[in-house]
Amino acid sequence: RLESLICRVGEKSTSSLESNLEGLAGVLEADLPNYKSKILRILCTVARLLPEKLTIYTTLVGLLNARNYNFGGEFVEAMIRQLKECLKVNMYNEAEYLVRFLSDLVNCHVIAAPSMVAMFENFVSVTQEEDIPQVRCDWYVFAFLSSLPWVGKELYEKKDAEIDRLLSHTESYLKRRQKIHVPMLQVWTADKPHPQEEYLDCLWAQIQKLKKDCWQERHILRPYLAFDGILCEALQHNLPPFTPPPHTEDSVYPMPRVIFRMFDYTDNPEGPVMPGSHSVERFVIEENLHSIIKSHWKERKTCAAQLLSYPGNNKIPLNYHIVEVIFAELFQLPSPPHIEVMYTALLIELCKLQPGSLPQVLAQATEMLYMRNVSHFSYCLTQDLEKPKSKFVREVLEKCMRLSYHQRIIDIVPPSFSVLSPANPVCIYKYGDESDRSLPGYTVALSLTIAIKNKASNDEIFNILKDVPNPNKDDDDDEGFTFNPLKIEVFVQTLLHLAAKSFSHSFSALAKFHEVFKVLAESDEGKFHVLRVVYEVWKNHPQMIAVLVDKMIRTQIVDCAAVANWIFSSELAHDFTRFYVWEILHSTIRKMNKHVLKIHKELEETKARLARQHKRRESDEDDDDDDQSSDREDGPLEEQIEHLQERVESAQSEQKNLFLVIFQRFIMLLTEHLVRCETGGIDVFTPWYKSCIERLQQIFLQHHQIIQQYMVTLENLLFTAELDHHILAVFQQFCALQA
């Protein structure tokens, strides 16, 4: 009951917010003798998890503090404990909300302004620490600056000299701070029509304007103003001295980011004016909308309703803000906070709730994206299908086909676009025609077809394949174990052709003849050739290639390194910039990462079981005679731990090798391109180069947490000072993300 009452305050009601808060404060005060610890826990939780209702809860705490001074003191202490715990376990987003909550308690006369200023002084002093990453300083500066829209006016009225000094120190830090990482995080390559500012620079400009406007902010809901007479009589608490916990090896700070902009005041000439990009109101609105999505993203209907009922929606062009925030999350690098389909579902719900206005804003946004990305491509459709804008349209149509079928796409695409339509996704079987009789392996392919249709066993398949001549075999090689590309080609071509009806048929074929695949693809060359043949058979069906490669990795027919080598091979050069190729590579990396995590988790669980066993034994007061049986119990677990440690080391070695292969291939390809351009006097920045260098950035960004473990190795072996600056710059940008 208490949880429901506290969580629902501020929602639509027949009574005013002020009367609801006053009534709730009375209920909670009456329940304090019996449920104080529960009330404290709930209030601390909502402060951390519902930041969009921050001022509602600070007002509630203010009213409780005015009625029960001791409870107010206990709440402040509980909040400080929670803040320390969040910082200790790297929950920096939640810690940021807690700092903001504490600062707003100054407005509610719960916390004395001087002690809040003292905490902010400790935050800003972090910028003077030595040998710490820049992202640590960034977080403490952001925590200070992002609280000022709520409490700046109150603090400046009481401690203007101290706040000026803090702002001066902050400005000094921002001027000397490195921003090498910015190009890697920008969504657009150009700053027109909207500049893509680094988040701290943008917030600093917004705070400067707020100060210039005498700290007058016009958007934050401030229900405590209605209770000023009550709150100003309350006794205030001093925050206990707060020292930021020191930096450790386990500290993981939030990555820097770039502020995404789509709209400005010119995009909505008829309705309310959109606040400027450097007005603090823009920051407040965006922060709250992001918070609403974060709180309710699992329930799309609730999320849409909460966004559209945002307070003060009649004073701002809310639909424009909502659409911009959703696209900002979708385009956030390295990846959106939530799965992409959630945003689709959310936009559909929003359009249902606001059918008369939101679809028009969404259409306007879509047109802007289209104009920015794909405008003016029509003139080049018949001239060059390899131009980026033509390729983009073709990729979009190909993705649409995954949710439809080929003929449907052909029917709906206008004739002028037909040149960009996806290829018919049919299987290309090289032994399927009488005219192919002269091909090596043709007769074996016919025999295989009959055998597979007759449900032949693996031994029968091996027996048929033994007659396939080996083009690689030396005359004096009697062993017969040499890699045989023709044997692989005949078998894989025939099997995939017979199983071409659906994904399920193909999966069943891989499962049934798994043993044959394992023998044929035993060597690295064998694995590589299996992938090569899969591509030859299904080159017109990228989705089939992607799912087959995925299945082959899962069933260990091929390994991750083989897939990486295949992707960067000359055979796939024609498709190198195609989306499906990178879909396969990222999926391969994720599989390797999951494999390492799974074994590591098994190891930790086994160690924990052994520790529990030791603890149980220590607590038992049995005779010494049990020592031998205890050792017997430990034995299997200790052997298991040793075995798992070997597996973890082996998996991590494979993981490191995979990244080394990928980055080495990137460097080779890019270096060849740069040398070719320099020798021929050609412009380096071709569409292929831009695509390749941005894919390199994508690998670094999407897998940054894993790659950071191997940064020293990468720096020593691959990204050395001698490397061309175009390529080295990407590595330096990546290093700067957590520097």
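## Terms and basis

On a 1 Å grid over the protein atoms alone, a cavity is a set of points where a 1.4 Å probe fits but cannot get out, and its lining residues have an atom within 4 Å of a point. The model is predicted, with local features needing pLDDT of at least 70 and side-chain atom pairs counting only at pLDDT 80 or more, while totals for chains, interfaces and linings use all residues. Residues are numbered from 1 along each chain as its sequence is written, and side-chain values use heavy atoms, with hydrogens and water left out.

## The cavity

The count comes to one cavity of 30 Å³ or more, and the largest cavity holds about 60 Å³ of space, a volume being the space filled by probe spheres set on the points, which are joined across faces, edges and corners. Its lining consists of Glu-395, Glu-398, Lys-399, Arg-402, Pro-542, Phe-579, Tyr-580 and Glu-583.

Two or more lining residues come from each of α17 (388-402) and α27 (579-619), helices being DSSP runs of H or I with at least four residues, numbered from the N terminus; α17 gives the largest share, four residues. By class, the lining has three nonpolar, no polar and five charged residues, where Ala, Val, Leu, Ile, Met, Phe, Trp, Tyr, Cys and Pro count as nonpolar, Asp, Glu, Lys and Arg as charged, and the others, Gly among them, as polar.

## The helix pair

Helix α24 (residues 524-538) packs on helix α25 (residues 542-554) at an angle of about 155 degrees, with the axes 9 Å apart; axes are lines fitted to C-alpha atoms over the stretch in contact, and angles run from 0 to 180 degrees between N-to-C directions. α24 is therefore roughly antiparallel to α25, a term for angles over 145 degrees.

The contact (heavy atoms within 4.5 Å) involves Val-530, Leu-531, Val-534, Tyr-535 and Trp-538 of α24, together with Pro-542, Met-544, Ile-545, Leu-548, Val-549 and Met-552 of α25. These comprise eleven nonpolar, no polar and no charged residues.

How values were computed: Parallel < 35°, antiparallel > 145°, perpendicular 65-115°, else oblique. 1 Å grid on protein atoms, 1.4 Å probe; cavity = no way out; pocket = protein on both sides within 12 Å on 5 of 7 lines; lining within 4 Å.
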